[in-house]
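Please view the structure first.

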Amino acid sequence: MSVTTRTGTHTVVPAWRDWRSWGRRIALAWRRSLRFRTLGATLTLTALTILIALVWMSLAIQNDLYESRSAQVQDAAKRATQAAQTTLDAAVVEGDPVALQVLMDEVRREILSRQGGTTMVAVFRIDDEPSAIAPQGFEGGGLTASMISPALQESVQLTGDRQWWQSIALPDGDEGETPGIIVGQQLVVPEAGAYELYFAYDLASEQQTLQFVQVTLWVVGIALLVLIGGISLFVLRSVTVPIAQAAETSAKLASGDLAVRLPVRGEDEFATLGRSFNAMADSIESQIKELAELSLVQQRFVSDVSHELRTPLTTIRLAADMINDQRDEFEPATARAAELLHAQVQRFELLLADLLEISRYDAGSVQLETEATSLAHLAEDVIESMRQLAEQHGTDVRLVAPGGYSPVEMDPRRVRRIVRNLLGNAIEHGEGRPIVVTVDSDQRAVALGVRDFGMGMSAEDAERVFDRFWRADPSRRRTIGGTGLGLSIALGDARLHGGTLAVWSEPGGGTNFVLTLPRRLGGNLVGASPVEVEPPGGALTLEDLGLTQPISLPSREVDS
């Protein structure tokens, strides 16, 4: 298939024709498909079993054919030799060389015509000494002395009454070879001495029979493999299709489609599984609906109560402000009560605002108001606004910003709330030690880290630090009026931007919170954050910071 673009015509090769991807595709199918894995294992084991059976049967038939043919030709050669020896023993030649030659010719005709079962016959005189009466040997049917091995000749020459045989390759007349057997034994000629008598037998017919049997076995084996593969595929399909339907239905149910159900057919085990699955889905659907209704009621309750409390709370706050402004005119105990009232009313107002924000998150009605903002400049503003609080706690806040100056689409109000919350927690729990705020960026994200060197938290506490109203140490007194919802709201604000809020903490080593935001809303955050969550080499000490001072930021009009 060809595809024409602005730069020319390109040939698109189908994926199945790209042999380089076959291995990867097979491995992927093996991992993901139960049907492919089971069918592949079944066919592989079946093919191996059939191969072993075919090889064994082929060898058994080959050996049986060879042994039976070998026994047959040995018996035929033995009969022919005995008949020839009987004829020689009965003859009277009286030293006449002509009579001996005539006798040898008669023996040859008799062997070829009646007893040997082959035309490939050869006779050689054993004694190399010249003799005036010894008849000449002969070769017939294409059997020559060069075709007889020295080992077989030696064995025949040394034993007079024993038969010897050997497998050889006989020429087939087409410049090829065919398997054969050569049988040898001594033959004693009167007044001439011992001769070597050899018979050669062609095994071409047995070879053809063996080839036919082997081809038949292979055809039957392949047919069995295909038949077993088809049966396995049919059985696997009847088993895996319901499993695949159950998996697909489970995925839809997990994705939120509570109305999906499995089709139920018959009365077998899969039908029982389908009915049980559907009953479970009905139960889950009803419970989720009940929980959703309860959650909706709770959200409405929190929202309604929060709204209803705002009016009396406003009145109480105004009254508390007036009383607090005149506390110098009161008795010391009354003045202290006025201060406590004013502080708790402020905390109550903050808690009410946080509850309203949480209810918006639960209801899914939160919307971002984005504008291009520099995270480094935003961090500088937050640090400046909280400088007085840091000085009250004796804490030095240091800003290190290698990057993060370029404006990024974000909701500055929510990001500023995140940074204030993280910095406030660091000041409260940093035990007066320095706090390092790091801002950096890369091509896909910007990040801000707030690192303190306070008591830190255990791994179990760090996992729950974003839970609502959770405190690592319930006995620890709050000094800046937190509500227990700040980190939960901060996590929600980060996720609303498509970002992350991660934490690292170690007892005695302090805590590090890292906010990571994509440069574009909905961008991809795959990969490491520009600011490392876990400090390099584990927990840092104050000595590791040296005497580093806050860097001076460029003016807001300059983008880098």
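## The sheet

In this predicted model, 5 strands form an open, antiparallel sheet in the order β4-β3-β7-β6-β5. Strands (E, at least two residues) and helices (H or I, at least four) are DSSP runs, numbered from the N terminus. Two strands pair if DSSP finds at least two bridges between them. β4 (138–140) and β5 (164–171) are the edge strands; each has a single partner, so one side of each lacks a neighbour in the sheet. From one strand to the next, the twist averages 25°.

β3 (residues 120–125) and β7 (residues 193–202) run antiparallel and are joined by 6 bridges. Arg 125 sits opposite Tyr 195 in β7.

## Helices on the sheet

Helix α2 (residues 34–90) packs on the sheet and touches β5, β6 (177–189) and β7. Contact means heavy atoms within 4.5 Å. The direction of α2 makes about 25° with that of β6. Helix α5 (residues 204–254) lies across β6 and β7, at about 145° to β6. Axes are lines fitted to C-alpha atoms, for helices over the stretch in contact; angles run from 0 to 180 degrees between N-to-C directions.

## Confidence

The average pLDDT (the predictor's confidence in each residue, from 0 to 100) is 79, and 84% of the residues score at least 70. Residues 1–6 stay under 50, with 12 contacts beyond four places in sequence. Residues 544–560 are also below 50, with 27 contacts beyond near neighbours in sequence. Where pLDDT is low, predicted coordinates should not be read in detail.

## Conventions

Residues are numbered from 1 along each chain as its sequence is written, and side-chain values use heavy atoms, leaving out hydrogens and water. Local features need pLDDT of at least 70 and side-chain atom pairs count only at 80 or more, while totals for chains, interfaces and linings use all residues.
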